[in-house]
Amino acid sequence: MKQSAKVTPLRPKHPCPICGKASVRDIYPFCSARCKDIDLNRWLSGSYAIPVRDDEEEIDGGSKRDSNPAN
Ligand SMILES: [Zn+2]
């Protein structure tokens, strides 16, 4: 009998990293396109962080240095 050969262990399903639900094969390891989008957004917002401090420093320092008419 070769019945035992048919018993194939299913791969352990990983939960969606966003919401924890069971992942779907098509969009593994996420459970839905929405969660996939959320993860992508997280990733992008992390690497595309724009430094806004430079602008503020320029305005602050520039106006103070120019105002010196005494000399
Ligand atoms: Zn999810």
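**Contacts and burial around the cysteines**

Tutor: Leaving aside residues up to four places away in sequence, cysteine 35 touches Cys16, Ile18, Cys19 and Phe30. Please bear in mind that the model is predicted.

Student: In which element is cysteine 35 found, and does it count as buried or exposed?

Tutor: Cysteine 35 is found in helix 1. A residue needs 20 or more other C-beta atoms within 10 Å to be buried. Cysteine 35 has 20 C-beta neighbours inside 10 Å, so it counts as buried.

Student: Where is the place of cysteine 16, and why is it classed as it is?

Tutor: Cysteine 16 lies in the segment before helix 1, which covers 33-47. Beyond residues up to four places away in sequence, cysteine 16 touches Lys21, Ser23, Pro29, Phe30, Cys31 and Cys35. Because 21 other C-beta atoms lie within 10 Å of it, cysteine 16 is buried.

Student: Which residues does UniProt list for "binding site", and how far apart are their C-alpha atoms?

Tutor: The UniProt record, an unreviewed entry, lists Cys16, Cys19, Cys31 and Cys35 under "binding site". They span 20 residues in sequence, yet they gather at one spot, because no two of their C-alpha atoms are more than 8.1 Å apart.

Student: What share of the residues in the chain is buried?

Tutor: The secondary structure comes to two helices and zero strands. Among contacts with a separation of 6 or more, residues 24 or more positions apart account for 0%. Of the 71 residues in the chain, the buried share is 6%.

Conventions. Residues are numbered from 1 along each chain as its sequence is written. This is a predicted model: local features need pLDDT of at least 70, side-chain atom pairs count only at pLDDT 80 or more; totals for chains, interfaces and linings use all residues. Helices (H or I, at least four residues) and strands (E, at least two) are DSSP runs, numbered from the N terminus. A residue is buried if 20 or more other C-beta atoms lie within 10 Å of its own, exposed if 12 or fewer, and partly exposed in between; C-beta atoms are placed from the backbone. Two residues are in contact if their C-beta atoms, placed from the backbone, lie within 7 Å. UniProt positions are given in the numbering used here, feature names are shortened, and annotations may be inferred rather than shown by experiment.
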